[in-house]
Structure formats: C-alpha cells, structure tokens
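Please look at the sequence and the structure before reading on.

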Amino acid sequence: MARLQLRNLEKDYGGFKAVHGINLEVADGEFMVLVGPSGCAKSTTLRMIAGLERITGGEIRIGDDLVNDKAPGERGIAMVFQNYALYPHMKVRKNLSFGLRLKRRPAEEIEQATRDVSNILEIGDYLERLPKQLSGGQAQRVAVGRALIKKPQVFLFDEPLSNLDAKLRASMRVRITDLHKQLKADGLQSTVVYVTHDQTEAMTMGDRICVMKEGRIMQVADPVTLYNRPANAFVAGFIGSPEMNLIDAELSGNRLVIGTQTYDLSPDIMARLSPKTPKGVTLGVRPQHFAVVGPDAENALEGRVSHVEFMGHEVYLYIRIEGQQIIAVVSASNYDRSKINGDLIRLAPQPQSAHLFDRQSGENVSLADIQ
C-alpha cells in the first residue's frame, strides 16, 4: 500500500489548460473517488497518475517516490479501464496471469496467484473461456482480477462500470467496495483512485470524494459532508439525486425576497452570515427538505404544480415559484393526490437544512469551516 500525493498538478495542451494546479492527497488504504461532469479532467488526472499522460507541471508522488518521469510499469500502479481492455485471443487464465508471465515469475507462483484472485472474484468457472464468451459483469471482474494479481501500490479505475446495465452496475459497486474492505482487513494493497461521472457511484463507494469542475477541485470530503455541507453551489447541485434546488433571491435583513414573496431565515443561519455577505444570493434547499403545508402556514413559499411523478414510495413535484422551477420530494403516503398540474401549493423549507450561496462566486456563505 502507499499514499498518493498530487502537488500543483497541471496539464496544458498547447494553449488549452485542462488541469489547473490541483492538490490532492490520498491516504494509504483510502478509496478516493474523482467525480464530475464530462470534460472536468478527472480521467486526464487519472491518466497522469498512471503515466499514460505527461504532466505539464507539479509533482506526483506514490509512497515516497517522485514518479513524474517514470514509465507506467515502474510506478507500482494497476489500472482498470472502461472497456475492460482484455486480450481477445487469450483465455481468462492467461489474461489474469499475463503481467506475471511478463515478469517471468515462477510457474507455481503464477498458478497460485491466479487461483487466489479467481477465488476472490468468483471467476474460477470462467478460466478457460475467451473474453467474447463472457458477460459484461464477468469481463469486468476479469479486468479487476488482472489488476489485483499484480499487487500494485495503487489501483486506478477509469469509469469501469459505465458499459454495464443498471442492475450489473449496482452489483459491481458492491463487489468492488467489498473487495477493497477485504484487502484492507487482510493487510493487503488497497489504495484506490476511482473515476466516475455518476454521483451515485461516488456517494456509495468512496471513503472521500473529490468533486471536480473544469480542471479544478471544488471540494474534497466524505459523502456525508459533501451532501450536508457543500462548499459551493456547484457541489450542492452536483451531489444528490434529485439535485439541490437553487433559487435566486435578494437578502434583506433576516429575510429573503424571492419575486413577490419572502422567506425568513433561521437565527442559526443569520448568526453565521458575515456583514460582507452580498445581497444577491441563492437559496439552496434539497428536494427532500420541503414540507407541503396548508394555506395559512407561515414562512412558506407558494408555487404552481407543473408536473407530478409518482415514484412508488415517493412523489416528485415539479413546481414553479416566481418563475423558477424547483423539485420537492414528498412521501406518497402523505401526498394529497388531488393536487394536479396547475394547482397552487405551499412549501415550507426546513430552516436547519437551507443553504445560502453567493450568487456571483457560488461560495456557501451560510456555513463555517467548510472542508
């Protein structure tokens, strides 16, 4: 195992800067997820760690070694790709053992390692099959096994589940996280950097998550912190499903003015605001943190239902408030089904769960000590 350090890491493609001096440390044995929308440079960052992409500036350290100029095979890493990258003419047994055979390891060692890895990943029944005879989930397990058998210092995963259907993705999420826990418990190599654009994968798999945007790190924290204490509006809107509602407002004393309506901020939020807090702000409320209230309820916002989605135990309400579209998620058992498209509805945000963001910078101005 080894820790991984990125220091002022940059990537410039002849005039286009893809990575802007990022700093990140992955602890020994940690499962770190890089997540962000397409084009945010998460895969570019991973490829620089692997040595498949030359860096423009900064440092990459694996353990105590500076690896900037080392070839991929000298870095102590193993990578699992999106398209599995299995050798089509080799059976599973040879795909698994190929790296060890290149290093001319003894036949007994290769056989034992192949048997151990196939048992861990439950692919022993497929050792004599060709890749074309495997399902997507089976092929992905072979790809993971080929990385595992090398006993690397750091595992790198580049969107390994994106080609699988929803059911297989969920199953493989569990397999990979369980494998990481098993290796860690056994004192074996388990430092992982995992790239995905799927925030559900990120939230369910990572010890910590690094949220990226346009080659910059927006926030690094554990899943609970990212969800409850987003550092900025981008993280707030990216993490969570459905995403956080962001409502433009004007700050006036202890209340927000939203079109013709007002919403009183809680004393707790007001105590954390600075005298320099701008007047132009964005109110952030997660869809699950709205309550449908009666017409006489105080400190509620009124809107018109534009669409209703019944999702089983929950109902998604799409509502326009002062020209701005929001989503509220309410319990199906408590929802008044007489409310249909076009009806007026009143929603009360949970005061303790509301956030305020600077409309210009996007910074969360309602929380102290953001990680």
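Asp69 is exposed, with a relative accessible area of 68%; exposed means over 50%, buried means under 20%, and partly exposed is in between (1.4 Å probe, protein chains only). Its salt-bridge partner is Arg54, at 3.7 Å from N to O. A salt bridge here is a side-chain nitrogen of Lys or Arg within 4 Å of a carboxyl oxygen of Asp or Glu. Arg54 is exposed as well, at 62%. The pair links distant parts of the chain, 15 residues apart: Arg54 is in the loop between helix H1 (42-50) and strand S4 (57-62), and Asp69 is in the loop between strand S5 (65-66) and S6. Helices (H or I, at least four residues) and strands (E, at least two) are DSSP runs, numbered from the N terminus.

The model is predicted; local features need pLDDT of at least 70, side-chain atom pairs count only at pLDDT 80 or more, and totals for chains, interfaces and linings use all residues. Residues are numbered from 1 along each chain as its sequence is written, and side-chain values use heavy atoms, with hydrogens and water left out.

By the rule above, the count comes to 16 salt bridges. Three of them are listed here.

| Salt bridge | N to O distance |
|---|---|
| Arg3 and Glu25 | 3.0 Å |
| Arg54 and Asp69 | 3.7 Å |
| Glu59 and Arg61 | 3.2 Å |

Arg3 lies in the segment before strand S1 (4-13) and Glu25 in strand S2 (residues 16-26), so this pair ties together parts that are 22 residues apart in sequence. Arg3 is partly exposed at 34%, and Glu25 is partly exposed at 38%.

Next come some backbone angles. Most residues other than glycine have a negative phi, and most peptide bonds are trans. Tyr84 has a positive phi, near 75 degrees, and sits in the loop between strand S6 (77-80) and H2. Glu214 also has a positive phi, near 50 degrees, and lies in the loop between S9 and S10. Are these two residues buried or exposed? Tyr84 is buried, with a relative accessible area of 14%, whereas Glu214 is exposed at 53%. The peptide bond from Ser241 to Pro242 is cis, with omega near -10 degrees.

Helix H2 covers residues 92-102, and its buried residues are Val92, Asn95, Leu96, Ser97, Gly99 and Leu100. An α-helix has 3.6 residues a turn, so residues three or four places apart point the same way. The buried residues of H2 pack against helix H3 (107-120) and helix H4 (136-148), where contact means heavy atoms within 4.5 Å.

The chain is divided into domain 1 (4-228) and domain 2 (234-358), with bounds that come from an automatic or database domain assignment. Their contact takes 14 residues from domain 1 and nine residues from domain 2. The area buried between the domains is about 1000 Å², and carbon and sulfur atoms give 73% of it. Buried area is the accessible area (1.4 Å probe) that two parts lose on being put together, summed over both. In domain 1, Gln199, Val211 and Tyr227 lose the most area to domain 2, together 51% of what that side buries. How many salt bridges cross this interface? The rule finds zero salt bridges between domain 1 and domain 2.
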